[in-house]
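Please look over the sequence and the 3D structure below before reading the briefing.

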Amino acid sequence: MVERRRLPDGLEGEQIPLAARILRPADTFSAITGERPFRKAIAAPDAKRYLIEWAGIEFDPRVIKALISIDKLFEAELAAGNS
C-alpha cells in the first residue's frame with residue numbers, strides 16, 4: 001500500500017510512525033519547490049499534483065489528502081482576508 005520500500009527496521013505501511021508519514025511528503029514538497037544549484041524550483045501547484053500522483057505509492061494517501069485539505073483551508077482564509 002504505502003511506502004512499498006521497507007525502512008531499515010523492516011517497517012512498512014501503517015507500521016511507519018505517523019510523524020514520518022507526515023514529514024516525508026512535507027520534506028518532498030519543500031525540496032521540489034525550492035531552487036537547487038542543479039535544477040529550478042517546481043511551482044507549488046505542480047508540486048501538489050506530484051504528491052497526489054504518488055499518493056498510495058510513495059506517500060500515505062490519507063496524509064496527502066489531509067495536507068491538501070489544510071492547504072485549501074489556508075487559501076480560503078487568505079482569500080477571505082482572515083490572515
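Predicted model: local features only at pLDDT ≥ 70, side-chain atom pairs only at ≥ 80, totals over all residues.

Residues are numbered from 1 along each chain as its sequence is written, and side-chain values use heavy atoms, with hydrogens and water left out.

**Overall make-up**

- The protein chain has three helices and zero strands; helices (H or I, at least four residues) and strands (E, at least two) are DSSP runs, numbered from the N terminus.
- Read from the N terminus, the order of the elements is α-α-α.
- Of the 83 residues in the protein chain, 22% are buried. Buried means under 20% relative accessible area, exposed means over 50%, and partly exposed lies in between (1.4 Å probe, protein chains only).
- The protein chain exposes about 6,000 Å², and carbon and sulfur atoms supply 61% of this area. Accessible areas come from the Shrake-Rupley method with a 1.4 Å probe, and for residues only the protein chains shown count as cover.
- Among contacts in the protein chain with a separation of 6 or more, 41% are between residues 24 or more positions apart. A contact means heavy atoms within 4.5 Å.

**The largest pocket**

- The volume of the largest pocket is about 170 Å³.
- On a 1 Å grid over the protein atoms alone, a pocket is an open set of points with protein on both sides within 12 Å along at least five of seven lines, whereas a cavity is a set where a 1.4 Å probe fits but cannot get out; lining residues have an atom within 4 Å of a point.
- Grid points are joined across faces, edges and corners, and a volume is the space filled by probe spheres set on the points.
- The lining of the largest pocket consists of Pro25, Ala26, Phe29, Lys48, Leu51, Leu67, Ile68, Ile70 and Asp71.
- Helix H1 (18-33), helix H2 (44-54) and helix H3 (61-79) are the elements that each give two or more residues to this lining.
- H3 gives the most, with four residues.
- By class, the lining has seven nonpolar, no polar and two charged residues. Ala, Val, Leu, Ile, Met, Phe, Trp, Tyr, Cys and Pro count as nonpolar, Asp, Glu, Lys and Arg as charged, and the others, Gly among them, as polar.
- Lysine 48, one of the lining residues, is in helix H2. Lysine 48 counts as buried because its relative accessibility is 18%.
- Apart from neighbours within four places in sequence, lysine 48 is in contact with Phe29, Ile68, Asp71 and Glu75.

**The aromatic pair**

- The structure holds one aromatic pair. The ring centres of tyrosine 50 and tryptophan 54 are 6.1 Å apart and the planes stand at 40°, so the pair is tilted.
- Rings of Phe, Tyr and Trp (its six-membered ring) pair if their centres lie within 6.5 Å; planes under 30 degrees apart count as stacked, over 60 as edge-to-face and the rest as tilted.
- Both tyrosine 50 and tryptophan 54 are in helix H2, four residues apart, which is about one turn of the helix.
- Tyrosine 50 has 33% relative accessibility and so counts as partly exposed. Tryptophan 54 is also partly exposed, at 33% relative accessibility.

- Arginine 21 lies in helix H1. Its relative accessibility is 7%, so arginine 21 counts as buried.
- Not counting residues up to four places away in sequence, arginine 21 touches Gly13, Glu14, Ile16, Asp60, Arg62 and Val63.
- Arginine 21 and isoleucine 64 are 43 residues apart in sequence, and their C-alpha atoms are 9.4 Å apart in space.
- Isoleucine 22 is found in helix H1 and is partly exposed, at 36% relative accessibility.
- Isoleucine 22 and arginine 62 are 40 residues apart along the chain, with 9.6 Å between their C-alpha atoms.

- Glutamate 14 lies in the segment before H1 and is partly exposed, at 47% relative accessibility.
- The C-alpha atoms of glutamate 14 and aspartate 60 are separated by 8.8 Å, although the two are 46 residues apart along the chain.
- Isoleucine 42 is found in the loop between H1 and H2. With a relative accessible area of 34%, isoleucine 42 is partly exposed.
- Leaving aside neighbours within four places in sequence, isoleucine 42 is in contact with Ile32, Thr33 and Ala47.
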